[in-house]
Amino acid sequence: FLFRPLALKDAKLIAELILNDFAGKMKEEKALDIVYEKGFTDILAEKAFNSTFGAREIRRAVEQAVKNYVANLIIKDELSEGKKIIIPINLIANSLK
């Protein structure tokens, strides 16, 4: 068994899986339709990917940026069941520096 470090293309696939998983959970649990702006997954992978820590940093970035963004909307009572939420691409740029 040979270990191969993750490449950026792998990170993009992992980011897509993590984001889709979160969107699926929100759809199931809160009846919210989460949509990411075009290019969001690529930017997330590029900003959060770390060859040393692998995909863990991507998961952390989703927790810090996306989950907190949605949680704040829920807390502020700005969401209703069945509502579509568009996650802005600048969310990643602003939360990962």
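Predicted model: local features only at pLDDT ≥ 70, side-chain atom pairs only at ≥ 80, totals over all residues.
The crossing of α2 and α3 is right-handed. By class, the residues in this contact of α2 with α3 are seven nonpolar, no polar and one charged.

**Overall layout**

Four helices and two strands make up the protein. Read from the N terminus, the order of elements is α-β-α-α-β-α. The C-alpha trace spans about 50 × 30 × 20 Å along its principal axes. The protein has 97 residues, of which 32% count as buried. Among contacts with a separation of 6 or more, 70% are between residues 24 or more positions apart.

**Helix pairs involving α2**

Two packed helices are described by the angle between their axes and the distance between the axes. The table gives these values for the two pairs.

| Pair | Residue ranges | Angle | Axis distance |
|---|---|---|---|
| α2 and α3 | 40–48 and 56–75 | about 120° | 9 Å |
| α1 and α2 | 8–30 for α1 | roughly 120° | within 8 Å |

With α2 and α3 packing at an angle of about 120°, α2 is oblique to α3. Angles of 65 to 115 degrees count as roughly perpendicular and those over 145 as roughly antiparallel, so α1 and α2, which cross at roughly 120°, are oblique to each other as well. The crossing of α1 and α2 is right-handed.

**Residues in contact**

On the α3 side, F40, L44 and A48 of α2 meet E57, I58, A61, V62 and V66 of α3. The contact between α1 and α2 involves L8, A11, K12, A15, E16 and L19 from α1, and F40, T41, D42, L44, A45 and E46 from α2. By class, this contact of α1 with α2 has seven nonpolar, one polar and four charged residues. F40 and L44 of α2 take part in the contact with α3 and also in the contact with α1.

**The buried side of α2**

Which residues of α2 are buried? They are F40, L44, A45 and A48. These residues lie on the same side of α2, because the arc they cover around the axis is only 130°. Their packing partners are the helices α1, α3 and α4 (90–95), together with the strands β1 (33–36) and β2 (84–87).

Terms used
Residues numbered from 1 in each chain as written. Heavy atoms only, no water. Axes fitted to C-alpha atoms, helices over the stretch in contact; angles between N-to-C directions. Parallel < 35°, antiparallel > 145°, perpendicular 65-115°, else oblique. Left-handed = near helix turned anticlockwise from the far one by under 90°. Contact = heavy atoms within 4.5 Å. Nonpolar A, V, L, I, M, F, W, Y, C, P; charged D, E, K, R; others polar. Buried < 20%, exposed > 50% of the residue type's maximum accessible area, 1.4 Å probe, protein only. Arc of directions from axis to C-beta.
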